[in-house]
Amino acid sequence: MVDAVWKLESARIIAGLARMAGDVGLAEEFAQDALLAALEQWPGSGVPDNPGAWLMAIAKRRAIDHLRRDVRLDRRHEQLAHELTNREDPGDREIDTALDALDGEVGDDVLRLMFVSCHPVLATESRVAMTLRLVGGLRTDEIARAFLVPEATLAQRIVRAKRTLATRRIPFEVPDGPERAARLASVLEVVYLVFNEGYAATSGDDWTRPALCVEALRLGRSLAELMPDETEVHGLVALMELQQSRAAARTGPAGEPVPIQEQNRGRWDRLLIQRGFAALLRARAAGGPPGPYMLQAAIAACHAQARAAEQTDWSKIVALYEVLVRSLPTPVVRLNRAVAIAMAHGPPAGLVLVDELVAEPAMRRYHLTAAVRGDLLARLGRYGEARAEFERAASLTRNGPEHAILLRRAAECEETALPPSGAPAVTFAEVVAAFLAGPGLTAETVRSYGQTLTRLLRYVGGDAPLPAVTPARVAEAFADAWGTAAAATWNRHRAAVRSFTAWAGRPDRGLLTSDLAAGLRRRPEPRGRTRPVDPRRLAALLERGDLALRERVLWTVLHESAAPARWVLALDVENLDLDAMRGRVTTPRAGDGAAAGGVRWVTWRSGAARLLPGLIAGRRRGPLFLTDRRPGPARAAGRDLCPHTGRGRLSYERAEYLFKRATRELDPEGEGLTLRRLRGPGRADEPG
């Protein structure tokens, strides 16, 4: 009984206390004290008529006691304690009056709590954990089990998030103006992340985690009640309702995934479908252009309206994806669009689009890219290539049932591809072995070529027929294995493939008819090459709880853009195009003289895009990256001063020093790394 009451009332109680105390961490402590009191008293005295009000009153008393005992209270807390003490104590009377002062603001408080829990200064994992803990009322062990992480890890994640909110003095409020849209997007992102993890688990032995879907739907419905005029809120609710309606049909008897085209639509939940349609109508009634969630809900509605798979209106779905890809041009959306086009216009049309996505870094290790490509190849009768793709997809997924179904698809392709005569075709592994065993190669050359070709064998599949090894597959393998490698490393492996192609393509052998290195361009090898920071170490560095937002944004932009540090530090707020994820900067051009400037664009990705609104914090002009304090009068310079704060532009020397200090442990010599090491294989800087 206590658990049920806590799940229903905890968000309201914590939100009300946070508004009074101004600290989410303290608010949860007071609420937990009230919960402990309930566990001690209710078994003997019985559950009160209004358990939520009882918990709130006890929590308020705990807050007063805490403020009285704390000898380090600042004046604000002393005043707060005085005000709370002088309020009328409900005593033994009906305890419902304890919430009279909050009656008009309960909904607003919960909404504020959602926005604080999903603040962009927190990492995505922390936002999810905080939302489920504070707004969803889930215990730490429940969240840890749902996401398959140790309870201690999850607890530390929550502790660090609370510390960050307190250190940054994040206000307990719903933002206004342009910041409101960005912050709402963060809230919706967290809710949908929770739902997606339940809908298709990224790892573990279960294909789905229904409890997470239920929690996400509960959060989404609550948000829709609190923000009835927001189109995208209703769009997200519609999307989740419609997707969850298929839950019972998405798994087979053994828990294996069932594709939507093979699902028993009689098992789809018609009530959830109706609720999804109703939410979609509310989204349309709210007005404004359709956003990404509303468009995805409309796509889900097309599936829900089809009583049989063959009745699906794929042309309409393609049209909706064309609109969606313009507002949300992510690789995953483009992959889904390719699937829809393949269903509407045939596998060749879809395969062309998927092959374009393979070269993108974000998609090379995404298992669904290989799975979709394998499915399209199988539908085209190219079973050898399809088998290799399914095996690759299986090696990339961390979900047990998905891994099993992908291996089963690979085995089916292998059986289908067997030659009728029983005479096996020459395989890639056999030709590689013959090449390395041939005369004229030194031991050192065999070792070097062997490294390259062994990696290709693992990627493509050693028993794949040689004709299935195409230049596109080799280019894909190179991008995956050596896409971020130094130019000299890339060129060495490229030379090995060119030698193999020349040997296998000789007229007297006739094993190859195409140049496997055709898609591999030689990379220039600059002098004094600088190795980028290892991506895993950089990710760990950016996740540090004590890292200032300014440094987190600066380092993320440098890494994602591959732009020079001086260009990034020269960015001004008024020259940012946040929607296009780029910023304009004027830099001196070689040979133009100091007065002549060239316009350049610094382009970043989603990581920086998520962080930038928090750094800008309502500023409209001036330097993007500011110093910690205001400059002295003698150093004031108009263009390099922020008109809102009076602080100056962060200098290259200071930025370099801060990065070196933070990366001393990563440097074998203990001096720290330079900002140039952040310039990974990001986008090229574009001239204006």
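## Aromatic cluster

Phe428, Phe435, Tyr449, Phe500 and Trp503 come together as one aromatic cluster, where rings of Phe, Tyr and Trp (its six-membered ring) pair if their centres lie within 6.5 Å, with planes under 30 degrees apart counted as stacked, over 60 as edge-to-face and the rest as tilted. This is a predicted model, in which local features need pLDDT of at least 70 and side-chain atom pairs count only at pLDDT 80 or more, while totals for chains, interfaces and linings use all residues. Residues are numbered from 1 along each chain as its sequence is written, and side-chain values use heavy atoms, with hydrogens and water left out.

## Aromatic pairs

The structure holds ten aromatic pairs. One of them, edge-to-face, joins tyrosine 192 and tyrosine 293, at 5.7 Å centre to centre and with 85° between the planes. This pair links distant parts of the chain, since tyrosine 192 lies in helix H9 (residues 178–199) and tyrosine 293 in helix H13 (residues 292–305), 101 residues apart; helices here are DSSP runs of H or I with at least four residues, numbered from the N terminus. Tyrosine 192 is buried, with a relative accessible area of 11%, and tyrosine 293 is buried at 13%, where buried means under 20% relative accessible area, exposed over 50% and partly exposed in between (1.4 Å probe, protein chains only).

Phenylalanine 435 and tryptophan 503 form a tilted pair, 5.5 Å centre to centre with 55° between the planes. Because phenylalanine 435 belongs to helix H21 (residues 428–436) and tryptophan 503 to helix H24 (residues 487–504), the pair ties together parts that are 68 residues apart in sequence. Phenylalanine 435 is buried at 5% relative accessible area, and tryptophan 503 is buried at 18%.

## Arginines over rings

Arginine 250 lies over the face of tyrosine 199, at 3.6 Å from the ring centre, and arginine 455 lies over the face of tryptophan 482, at 5.7 Å from the ring centre. A charge sits over a ring if NZ of Lys or CZ of Arg is within 6 Å of the ring centre and within 35 degrees of the ring normal.

## Second largest cavity

The second largest cavity has a volume of about 60 Å³; a cavity is a set of points on a 1 Å grid over the protein atoms alone where a 1.4 Å probe fits but cannot get out, and lining residues have an atom within 4 Å of a point. Its lining includes Val358, Tyr366, Arg373, Glu389 and Tyr459, and the elements that give two or more residues to this lining are helix H17 (361–364), helix H18 (367–379) and helix H19 (383–396).

Conventions:
1 Å grid on protein atoms, 1.4 Å probe; cavity = no way out; pocket = protein on both sides within 12 Å on 5 of 7 lines; lining within 4 Å. Points joined across faces, edges and corners; volume = space filled by probe spheres on them.
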